Amino acid sequence: MSSIEASSTLRHTAWVLRGNPVTAVAALGAALLMLVGIIGPSFVPYDPIASDVPQALQPPSAMHWAGTDQLGRDVFSRLIVATRLDLAIAVTAVSVSFVIGAVIGSLCGYAGGRLDRAVGRFVDVLMAFPLFVLAMAMVAALGNRVENIVIATAVINLPFYIRFARAEVNIRRNLGWVEAARACGENHLSVVLRFLLPNVLPAMAVQMSLNLGWAILNAAGLSFIGLGIKPPTPEWGIMVAEGARFISTGRWWLVAFPGFALMLAVLCFNLLGDGLRDILDPRMRT
Amino acid sequence: MGTIGVTLIRAARRFASSLPVLFGVLVFTFILMRVLPGDPAVFFASGPNAGKEEIEVIRKQLGLNRPMPEQLAIYLYDVGHANLGRSMMTGQPVARDLRERLPASLELTLTALLVALIAAVPLGVLAALRSGSIIDHGVRLFCSLGVCVPTFVSGLLLIYVFYYLLGLAPDPTGRVDVFTTLPPAHTGFLTIDFLLAGDIDGWWAAVHQLMLPALTMALFVIAPLARITRASMLVSLGSDFVRTARSVGLSGWRVVVTYALRNAILPVITISGIVFSTMLGSNVLVEKVFSWPGVASYALDALLVSDYAPVQGFVLLMASIFVVVNLLVDILYGIADPRATVA
């Protein structure tokens, strides 16, 4: 990429961000969340799994900013520590399905024929499942572990990436510059990987940001119903599940704070995805 | 007659093309359930010290000792004869369990969709009419927030506000409280059955019980519905026929509702179909929060004790509903826009 092109992209990004401050705030929020996920656990005021029963079920106070749970654990510390796990699950799952989906989808879109039809059928079958139920069944089948939440979330995201990459490659496979690449003696694999895929990736990256929010909700939902992550581990979905028992006696903070964390994370990624789409959409560049 | 005929043929063709997908779902679920850890035979033996022989007997009863392809063939044969197997958990045929519980899920999901549409369509229309205004931004903000709050959190917070703080909602467990005498089941939809039985108090109690879970689900799906309404209304409001209708002096209300909205409703129907199927599947979380005795919570309970048959039955049921809903959308399309049948 030449420097003129790079600076024009930068200028364009800056222009879009100025016109759309919400995206800038969302990007900042997402970056902040990542930072909390990386360094947060070293700065928490209390041990997230040490119980302190005399302090159980205290409402938020100066000592415990988000109150304490039924074992007297500090909810705020648990929230911060949970950030890493929740984000790591979502990011890993979405990246895995992004990579696999991009490769399978673009090969199908380029090659067409029998492979394309077989994969297409498989995707149709996946899409006919209630996706959350499919994720539930997969975690139960593979075993109640964090890795399997990642795998299940990746699989239910996969159809979208395969379809997306397939469609995007398919409309480009016979364009002039692809023909030119072939005419210059590039083999098919190299045409797909070096010429077509880079043109499809930006649009897919937007999809990735939008899917991150969905992946977070999905993973938290699985642990809420008791699949995947086991109790003493701080995780937003489990914290809500544990707090659920105390909601009808008015202990709102056990549900509200982890719920708020979930909402904030999903909101940031969704708004960022919307903003990225505006930046990448060629129609916005005029 | 002609257009209806064409619509039906199209629907039939669509149905035929979805059969391989249903078959795929069957096989895939079967394989997935067979790799579940935990031996159902051990689980359902008399107790932890059940002898090896006893477990073997149960395995034989369940057909688990046969080779996998044979088990699959037997399963497919049974499904073909409307036999979904027997749940070890309830001891009843799965088809019967599902039939008993499906109305609860359908009642909840349909109410939620109705609530969502009643809120989303006017919001979307309003946002499109005043596009760029504070109303438009407000609707957009509401939509962005709506899809970010997981249903299990919004459900619990609604319980906190309406049950604990305000005391307006009843105890959030199940469809009616245990002391209510149930009406004779005609439809399985409690709100309808109570009305048929002429029991207004019971009807009111059932509606009360239904309100919070339905609202919880609706909040989550208002966003896609309102967004599509807005986008499609913007296109339709900007088109020539709306300008013509305005220029001949029709009232603003009439232009918006009969001209613009009627033409903008197609994408809303499509999205409603998708939203309905998705809600029915992701019901699990709401049903769990509100102890709603629907099919999703039934499947979850079965899944947690490795009881295969109910989960397979549930997934098959969901996939079938998915196909049926798509067909209905097709047919509605034909009614809403006769041109759609020409293609």
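S291(B) sits in the loop between α11 and α12 of chain B, and its phi is near 45°, a positive value in a residue other than glycine.

This is a predicted model, in which local features need pLDDT of at least 70 and side-chain atom pairs count only at pLDDT 80 or more, whereas totals for chains, interfaces and linings use all residues. Residues are numbered from 1 along each chain as its sequence is written, while chains are lettered from A and ligands numbered from 1 in the order in which they are written.

Chain B contains 13 helices and zero strands, these elements being DSSP runs numbered from the N terminus (H or I of at least four residues for helices, E of at least two for strands). Buried residues make up 39% of its 343 residues. Of the contacts in chain B with a separation of 6 or more, 71% join residues 24 or more positions apart, a contact being a pair whose C-beta atoms lie within 7 Å.

Helix α5 of chain B has a kink of about 35° at R101(B), shortly before the proline P103(B); the bend is the angle between axes fitted to the seven residues ending there and the seven starting there. The end C-alpha atoms of this helix are compared with the expected span (1.5 Å times one less than the number of residues) in the table.

| Property of α5(B), residues 94-129 | Value |
|---|---|
| Length of α5(B) | 36 residues |

The contact between the chains takes 38 residues from chain B and 36 residues from chain A. On the side of chain B that touches chain A, α7(B) gives the largest share, eight residues. By class, that side has 33 nonpolar, four polar and one charged residues, counting Ala, Val, Leu, Ile, Met, Phe, Trp, Tyr, Cys and Pro as nonpolar, Asp, Glu, Lys and Arg as charged, and the others, Gly among them, as polar.

Leaving aside neighbours within four places in sequence, V221(B) is in contact with A116(B), V275(B) and M279(B).

Chain A averages a pLDDT (the predictor's confidence in each residue, from 0 to 100) of 80, and 94% of the residues score at least 70.

How values were computed: A residue is buried if 20 or more other C-beta atoms lie within 10 Å of its own, exposed if 12 or fewer, and partly exposed in between; C-beta atoms are placed from the backbone. Two residues are in contact if their C-beta atoms, placed from the backbone, lie within 7 Å.
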